[in-house]
Every structure is written in C-alpha cells, then in structure tokens.
Amino acid sequence: MAKWFNTNSWLYRKRYLLGYLLIIAAFAWLLVIAGTRVPSGLSPGEREAFVTSAGLDLQNIETLTESSLPFYAAQRVVIELLGPSTISIKALSLVLALITGIGAVFLLRRWFKPNVALLATIIMVTTGQFLYVAQAGLPSITFVMWSVWLLLTATMITTSAHHKKIWKFLFFLLVPLSLYTPLSIYLVLAIVSAGLLHPHVRYVVRRMPRLQLALLSTMSIFITLPLMYLIIRDPSLGLELLGLPETWPPDLAQNANQLLQQYFNFIHPQSGTLMMPVLGLGSIALIALGAWRLFKIRYTARSYTLVTWVILLIPILLINPLYTTITFVPLLILMANGLEFLLRSWYGIFPRNPYARFVGLVPLAILVAGLTISGIDRYYYGYTYDPASASNFSKDLTLLETKIRTDDRPITLVVGSDEVDFYTAVANMSKDGEGKLTVTTKPVDTTQRLVATHEAQSKIDQPIDTIITSASSKDADRFYIYKTQ
C-alpha cells in the first residue's frame, strides 16, 4: 500500500503536540464564552459564595471556619482587585478550570497512549458538566483540580526521570491544600494506600532521601496546622470536609434515586442549575466498558489508586449525593480506559491491514464528534433558552454595576430581606468609593438617588423615573429608579 503522507514530515511527527495546543486554545475560547455569555449570570450558590468570600476576616476566626477556605480567600483577592462584578466572581474558577484542563492533558498523556489521551481530552473539555463547573464562581472546580493535579504529581514522582524534586515539592504542597476541600481526603488516602500496597510505589518511596522526605513532610504538616485549629474551633467543619450530611440518618433510598437521576435518567432529562443527566449515554457506555476493563487489569498502581478511590467515594455519595462533581475525574479516566480498549481490540483484529485499521477509526470518530457536539449544544442552548435552567442565573449585579458606573451621584438601594447580605457585600467591596452605594431594607427619606430591587419596589410609594429591565420573559423589571426629591 502506498503511503498517503510522509511519516517523516514535521507535521506528522508533531501531530499530537499540535492537537493538544488546538484543544487548549479551543478550551480557553469555550471558557471565555462560558464565563461571559452562557449563562452570563449568577446562580444562588454563586451569590452565597461571594458573600462568604467578602465576609472573610482574619480578626474574626469564626468567618474562617469554611470548607474550601483557600478558594474563598483567593476569590476575595480577585474581587478586591477587580471590584464586585459577575466576571470577577467567576474569574478565579475560569483560571482554575484552565489549569485543570492543562493538568488533565498531561495526566491522560502519562496514563494512556497519545491517541486515546487526545480523544478523551476532547470529550472532557466539551462536557456540559465540566463547562458549568468551570464558569461557576464556586469551589466546585477545586474538586476536579485537586484530583487531576494530585494524580498527575503522584504519577510523575513514580514514573518520570526528570524534575522529580519539583514534582515531589508540588505533591507535598498540594496534599495539605487539598484537605481544605471536602472529600479530597479520600483521594489522598487512595494514593497513600497505593504507596503502601503496590510494590513499585513502595520501592520509589523507599529510595527517596530521608532528609528530603522529612522536610517535605514538615512543610505539609505546617500547611495543615491552620485547618486542624479551625476544626478544633468548629468540629462541624471536619464533618463537612469528610462529606457527611448535616442531618442524620440520611435517606439512602432517596439519595440512591437522586444519583440514578443524575447519571442514568436519559428518558426524562431534567433542567435546573445543573442539568441532568450530567453525562451523555455514549459517555456512560464508554465508562462502563472502562470499568469492566479496569476490573480485569488490577495489578497496576493506577488501578490500585482508582479502585480504592471509587470504593471510598461510593458510600459517601450515597449518604450525601450533593458532591457528584468529585466523580468527574474517575469517570474521565474510566472513559479513557474504554476508548483505549476499543482501539486496542480493533487493532488486535487487524494488526497488519492498514485499510481495516483506518476504517475502524470512522465509527470512533463519529462517536467522539457526537459526544463533543452534543455536549456543547446541550450546554449552550440549555443555559440560554431552557426556562428551568436560564432563570436560575441572575444578571442583576451586571445591571446594577452599569447603573453605578453611569451615575456619579451616591445611590441608596432598597433591597429585600434575603438580598441584604449580597448587596451589602457589593457595597463594601465596591471600588467606586465609600458611600457611593448605601444598602437598606426600609424606605428612607434621602437626597441620594433612590433605587429599589424587584423584590423591594412595593415598599416605596414615589414617582418612578426609570425601570431597569433584563432580557428575561418573566420578572424582567429588576430595578426601579425613583425621581429625586
């Protein structure tokens, strides 16, 4: 058979590198779209996260007894630099999502062949669940980020011959930081168990210089000390980090049904802040195939880690199904496992027939293209036009920020009782100067520009000057501006 192309050409030799660069560029573009246009508003959870970040106070220890404290602290810094706005609340998550995507590229490249890693990466960055978590100004993205980078650094320590000191430093730095996030301890336990049980990992650990291991361990313990102190001050924080629910005993039957709805309800999909099922039918089929292959091959270090991790997570998710984001990375690895099995099986049938090997790629390419297009399509149209999903995201902060920037006069904002914490945080962190925005829950006589939210406008009986509206078909009257007395 004649060659269709020159296998010695630079383009062919660098095909995977170019593919990864294109994926990262496309992923960055998707993040920009997700952060600014779809859904382009704040969910109730993001508003609460903003209030938590704005309320952090080093002089008040009670405000620091929050899970995912490093995320909230970093988000506070970003908002102070950029000012309170929709994009500043989401900015940290978008950056962490990009870092997570880059880490996932390297992780899959180390665990699988280049063609499998490339296809799995394409599916991952276009999954609706990941795009939603990536743009949400919530700590949820750290669940995925810690998982990816802990696995990557642990893998590089045991397999890489270059820059091992850097990878060791990163691993011992990430382990204590990840413990501030709920359920991260289970991955740490899975990695530690692999180090104790797998012969190769034990060999690598035994060869580490004792002084180096002692210094790195001391650094990890030092970073963990504030967390231990906060748990002593508030024991409920420790229970939250373990993933245990606030109410006990949990309804296991209802929780199991919720998990089934989130992953397997393909006949009656549901809309909401997070659309369900979170993965497509094709992805679930690949995951099932990957799980079956993982069961057959249990002797590798990665199999030890993954199986232990999943076994630890299953009972936690049954008693608290709110943390399903933590399953994204193990499911991604199982999906890549399934893709690798398909390719290996087909190539095993036709080891020397180039035509058959090429033809076998056609249905796989159609599958990957279908998963990619359907993931982006469902995310874009669902969060743009589905009333049950789009209505969960408020654009009020953007509308208010526009009004503040265009009006030089101080503003008195009348809000509802459940809005006061959010808008007070906005006023406190505003970069427009102290006193530019005053927040109250009761109508007052003022010479300032008087504005009321949709919820509070019924409290004020004054002539209306302007109504600020959104593009929503319902409750579009978001702010009422009254004539100055």
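This is a predicted model: local features need pLDDT of at least 70, side-chain atom pairs count only at pLDDT 80 or more; totals for chains, interfaces and linings use all residues.
**Exercise 1.** Does S68 count as buried or exposed, judged by its relative accessibility?

*Solution.* The next step is the backbone, where phi of S68 is near 60 degrees, a positive value in a residue other than glycine. Finally, buried means under 20% relative accessible area, and S68, at 3% relative accessibility, therefore counts as buried.

**Exercise 2.** Describe the backbone and the accessibility of L183.

*Solution.* L183 lies in the loop that joins helix 9 (164-178) and helix 10 (184-197). Its phi is near 70 degrees, which is a positive value in a residue other than glycine. Since its relative accessible area is 0%, L183 is buried.

**Exercise 3.** Determine how helix 15 and helix 17 are oriented to each other, and characterise their contact.

*Solution.* Helix 15 (residues 281-296) and helix 17 (residues 328-349) pack with their axes 7 Å apart, at an angle of about 80 degrees. Angles of 65 to 115 degrees count as roughly perpendicular, and the two helices, helix 15 and helix 17, are therefore roughly perpendicular to each other. Among the residues that make the contact are L286, I287 and W292 of helix 15, together with M335, F341 and R344 of helix 17.

**Exercise 4.** Identify the geometry of the peptide bond from V38 to P39 and locate P39.

*Solution.* The bond is cis, with omega near 0 degrees, and P39 is found in the loop between helix 2 (15-36) and helix 3 (44-54).

Technical notes:
Residues are numbered from 1 along each chain as its sequence is written. Side-chain values use heavy atoms; hydrogens and water are left out. Axes are lines fitted to C-alpha atoms, for helices over the stretch in contact, and angles run from 0 to 180 degrees between N-to-C directions. Helices (H or I, at least four residues) and strands (E, at least two) are DSSP runs, numbered from the N terminus. Angles under 35 degrees count as roughly parallel, over 145 as roughly antiparallel, 65 to 115 as roughly perpendicular and the rest as oblique. Contact means heavy atoms within 4.5 Å. Ala, Val, Leu, Ile, Met, Phe, Trp, Tyr, Cys and Pro count as nonpolar, Asp, Glu, Lys and Arg as charged, and the others, Gly among them, as polar. Buried means under 20% relative accessible area, exposed over 50%, partly exposed in between (1.4 Å probe, protein chains only).
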